[in-house]
Amino acid sequence: MKTGKRILLANPPWSKKGHFAVRAGSRWPHFEKEGVDYQPFPFFLAIATSMLRAKGYEARVIDALAQRENVDSFVARVADFKPDLLFFEISTPSLLNDIEVARSAMQALDKPVPCIFGGLHKPALPEELFDQFPDLAVFINGEYEQTLLEVIEALSNEGSGLDRIAGISYRSEAGHVVTTAAKTTLETLDELPWPAYEQLPLYAYHDACGGLARPSVQLWASRGCPFGCIFCAWPQIIYGGRNYRTRNPVRVVDELEWLIGKYGFRSAYFDDDTFNIGPERIRTLAREIGKRGLSVEWGIMARADTMDRETLEIMVANGLKGIKYGVESGNQSILNNCGKKLAIGRVRETVNWTRDLGLKYHLSFAFGLPGETKETIKQTVDCALELDPTSIQFSLITPFPGSDYYHSLKASGHLTSEDWSRYDGYTSSVIRTDSLDSRDLEQALHYAESRWRRHLARRLLRQPGLHLVKRAIQNPRQVLNLLSSLTGRY
């Protein structure tokens with residue numbers, strides 16, 4: 001099927017009552033409760049759109065999730081654009097939904113068009129995906145920006161050359177599903193164009209890392225992570241390996257400065273997989289922000305044991321306000337055995353530096369790693385409360401297909417479901433450990449969040465000047481209910 005120049009790229013609708021969905025831009029596609037202040041920026045989609053436009057294609061990107069758009073409205077916009085090709089970023093937990101939305105969008109068009117999928121999904125057998133969605137033209141494995149351009153150019157030539165494009169699966173003229181050789185990871189990030197910011201609802205995106213000022217923008221200064229966490233999906237499924245790639249820090253600040261001038265952003269969040277690898281690069285970036293006098297506060301996603309105090313001080317001196325650290329567990333054996341190999345003592349040291357320098361910090365923990373027991377769950381929650389972060393995230397480990405943990409669980413019989421819609425990492429667990437079943441892990445999440453709410457209530461009532469509040473609220477349950485309504489996960 002030949003394609004033309006009008007290309008529509010989409011983060012398609014996905015909904016559940018009382019919740020909103022995050023997919024593109026999230027390393028963990030899932031549903032959040034309404035009221036949580038979080039929306040990731042769809043980097044891959046936006047960069048791919050810029051690449052296509054640079055090559056002369058009339059490319060448009062729609063982020064239906066950021067715009068809280070329903071299927072009917074989304075399909076109407078697709079039909080109005082009249083694309084010659086559709087590209088959907090999909091994910092494992094939203095897969096069946098994504099197929100149905102793609103089918104509806106294609107039916108609304110006045111001509112048949114190729115449909116391409118890519119994103120955080122890795123079927124065991126590509127044929128399964130094509131059987132589920134017979135109208136699928138191509139599925140792109142991993143990072144898709146450059147590959148999508150190559151695929152579209154091949155389809156523009158009646159599909160000639162698809163067999164020479166690495167990292168894809170497609171249906172041949174004979175009806176067979178062909179999977180090409182694995183591709184090498186994109187190495188030179190500075191060759192990529194900036195995202196197509198002008199096409200997206202920029203003020204809808206936010207990551208409340210440390211309560212960053214609004215409006216806020218998200219950027220990447222690097223991609224990848226060299227560490228070996230068995231559960232982390234992007235390095236294994238999107239990047240296809242543990243390689244770490246960086247952008248020129250001066251060019252990153254060029255982009256930030258342009259965004260501030262163009263859109264008036266008051267803060268920035270660097271949503272790198274692991275921002276703080278390579279202290280000299282990080283110090284250069286921080287000092288460049290300060291040297292240019294950019295009146296912007298910023299936050300980062302970091303690893304506790306790759307932080308040093310001097311680099312942290314330099315970042316703080318140049319506007320750093322908040323940090324996210326992934327801790328995962330309060331049990332050292334679990335951290336060692338899951339590939340993270342993070343020393344809890346080192347976390348405490350880094351958190352102390354972070355607190356001493358006046359930064360707000362967010363910590364994330366997850367239940368369901370190998371060796372999890374009721375005792376290790378209690379140790380994790382105890383650790384979380386001891387570290388006393390500004391904000392926190394508790395979740396359930398999701399073993400995405402294609403990850404080491406998924407293969408290990410499947411081989412050992414510890415995978416309890418392959419209903420992809422349950423792979424959301426929050427409302428349901430799809431695994432068991434030697435000691436706990438899925439229900440136990442789901443209860444662990446409730447236990448952790450309940451203890452956290454009580455911790456917040458005690459922290460609130462310890463604040464100076466709140467004696468009037470203490471007198472006014474006779475029932476402690478009122479405090480808990482208030483905190484429950486005001487706190488969220490991100």
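The expected span of a helix is taken as 1.5 Å times one less than its number of residues. In the predicted model described here, this rule can be applied to helix α14, whose 25 residues should accordingly span 36 Å; the C-alpha atoms at the two ends of α14 lie 37 Å apart, which agrees with that expectation. At the N-terminal end, α14 is capped by D437, a side-chain oxygen of which is placed 3.1 Å from the backbone nitrogen of R439.

Helix α14, comprising residues 438–462, packs against helix α12, comprising residues 374–387, with the axes of the two helices 10 Å apart and an angle of about 25° between them. Since angles under 35 degrees count as roughly parallel, α12 and α14 are therefore assigned to that category. The crossing in which α12 passes α14 is right-handed. On the α12 side, the contact is formed by I377, K378, V381, D382 and L385, while α14 contributes A444, Y447, A448, R451, W452 and H455. Classified by residue type, this contact of α12 with α14 consists of seven nonpolar residues, three charged residues and one polar residue.

Helix α12 also packs with helix α11, which covers residues 344–356; the axes of α11 and α12 come within 11 Å and cross at roughly 25°. It follows that α11 is roughly parallel to α12, and the crossing of this pair is right-handed. The residues in contact are I344, V347, R348, V351 and R355 from α11, together with C383, E386 and L387 from α12. Five of the residues in the contact of α11 with α12 are nonpolar and three are charged, with no polar residue represented.

A further helix pair is formed by α2 (residues 71–81) and α3 (residues 95–107), whose axes are 9 Å apart and which pack at an angle of about 45°. The crossing of α2 past α3 is right-handed. The contact involves V71, F74, V75 and V78 of α2, and V101, S104 and A105 of α3. In terms of class, the contact of α2 with α3 contains six nonpolar residues and one polar residue, and no charged residues take part.

Note on methods:
Residues numbered from 1 in each chain as written. Predicted model: local features only at pLDDT ≥ 70, side-chain atom pairs only at ≥ 80, totals over all residues. Heavy atoms only, no water. Axes fitted to C-alpha atoms, helices over the stretch in contact; angles between N-to-C directions. Helix = DSSP H or I, 4+ residues; strand = E, 2+ residues; numbered from the N terminus. Parallel < 35°, antiparallel > 145°, perpendicular 65-115°, else oblique. Left-handed = near helix turned anticlockwise from the far one by under 90°. Contact = heavy atoms within 4.5 Å. Nonpolar A, V, L, I, M, F, W, Y, C, P; charged D, E, K, R; others polar. Polar contact = N/O pair within 3.5 Å; in protein donor to acceptor, adjacent residues only side chain to side chain.
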